[in-house]
Amino acid sequence: MKRKHIVILAVCAVVLCGIFVAHKAWKAIHGEQDIVGPVGAIPEPVAVLAPPTKGPADWPCWRGINGDGRSAVTGIRKDWSGGLKKLWEVDYLCQGKQAATWSAPVVQGNRLVVPGRGNSKDLLFCLDPNDGTLLWLGSYKAKTGTSHGPGPRATPYIDDNRVYTFGRGGDLLCWRLDNGKLMWKTNVNDAGGETPKWGHSSSPLVYGDKVFVQAGGKFIAIACDKTTGKPLWKAHPGEAGYAAPALVNMDDEVGLLIFHATGLACLDPDDGKRIWLIGWKTNYNVNATTPISTGDTVFITSGYGTGCQALKASTAGADVLWKSKVIAAHHSDPFIIDGFIYGYSGQSNQNRGYFKCVSLADGTERWRTDKLGWGTTLHVDGHLLCMDNEGNLFLVKPNPEALQIVTQFPNTLGGIDHEAWTIPVVANGKLYLRYMQRLLCYSLTDE
């Protein structure tokens, strides 16, 4: 009888374990992260606004001013053993328990812009990047889904006195940077677009007189006049991906890279005509990392074990240099440095994965480590700044021979209950970390 009870208990344990694993997997895919911790009241904006300025090392858009993930900040501290000095923190970017928002901040001079979410509205906050004072607040009603939260995923783009934002439900807007006045608003779904499962996530890209985002449905991408919002072209039917548009130089010409749901398209940014297309199928159609390039070599990677591929791009087409599973990054952008690829490989729903160094020439793995968890990366002052899903910071010196951790700063966000997915931003000597309703600012230099 005793043995029978033991067997029953063992079976129950296995079943419960299976239910737990299945529930965790369901949440990882469908994702319903509630806001945890204090949510502050939104303060009144300042009454008098100073004119916008520009700084020596601004970060005005996704992956920075040159689109390569490299900050222009130099002279950063290389010893974090005593931590970093926190300059300020706000906790009101997401209003309500179900208002999760993942967008990163952008900085130009004396303006920091970061999206948020209210009960039925998308919010846009403009703060003083030096002390966190609220300068202005923009808002608009936005109907969105709930998977991984209703708030924006895309990072804004500052172009002189204009700010472009792209909401989860397909709203593309242009705001004045100086005072937050809404200049124009359109929705890509109204023009034939279609919201992908986890919401529109494509950070806007401004090039010339146009602003580009992914759309889905009747066209994978759309170009709008950046001053009026009028659609200038729509390119090819297909489901939207989650990656930001990027530019590549080919034969002294510029191509627009759209990493959509089922492949990588290179378009003419002037008229949207297809230059070439490479198929790239991923589970759940999640192509979410930004295509990166050096010269005419383009590198893409996707998660769910899909892997990666290096291409040689030209106006005549794209040739596959190599294809491998050596890096399978869910939504963490890698870097190409001196002929080597550095970046995370693995899924974002856990703090386990590998950070790797891979030869760009042939895809050979040089080294891997599990000491950096799983997270996001940017480049600053000759180093890679990595933050894992638990908010631990690492400063890594790129070295194709071995992992070289220079310093680290654990638990920068304090206690958190969900993965810290938003990429750190470094601008004008400061480090900005966003976690849902919170935005923290640390000094990264000795000044």
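**Cysteines and the largest pocket**

Cysteine 308 counts as buried, because its relative accessibility is 0%. That value comes from a predicted model. Buried here means under 20% relative accessible area.

Cysteine 357 is in no disulfide either. For cysteine 357, the nearest cysteine sulfur belongs to cysteine 386, 12 Å away. Cysteine 357 also counts as buried, because its relative accessibility is 0%.

Now turn to the empty space. Rolling a probe the size of a water molecule over the atoms shows where such space is left. The largest pocket has a volume of about 760 Å³. Its lining is made of 41 residues. Which of them lie nearest the centre of the pocket? They are Gly64, Ile65, Asn66, Gly67 and Asp68.

β7 (157-159), β11 (205-207) and β15 (246-250) each supply at least two residues of the lining. So do β16 (253-260), β19 (292-294) and β23 (335-337). The largest share, four residues, comes from β15.

What kinds of residue line the largest pocket? The lining divides into 23 nonpolar, eleven polar and seven charged residues.

Note on methods. Residues are numbered from 1 along each chain as its sequence is written. This is a predicted model: local features need pLDDT of at least 70, side-chain atom pairs count only at pLDDT 80 or more; totals for chains, interfaces and linings use all residues. Side-chain values use heavy atoms; hydrogens and water are left out. Buried means under 20% relative accessible area, exposed over 50%, partly exposed in between (1.4 Å probe, protein chains only). A disulfide is a pair of cysteine sulfur atoms within 2.5 Å. On a 1 Å grid over the protein atoms alone, a cavity is a set of points where a 1.4 Å probe fits but cannot get out, and a pocket is an open set with protein on both sides within 12 Å along at least five of seven lines; lining residues have an atom within 4 Å of a point. Grid points are joined across faces, edges and corners, and a volume is the space filled by probe spheres set on the points. Ala, Val, Leu, Ile, Met, Phe, Trp, Tyr, Cys and Pro count as nonpolar, Asp, Glu, Lys and Arg as charged, and the others, Gly among them, as polar.
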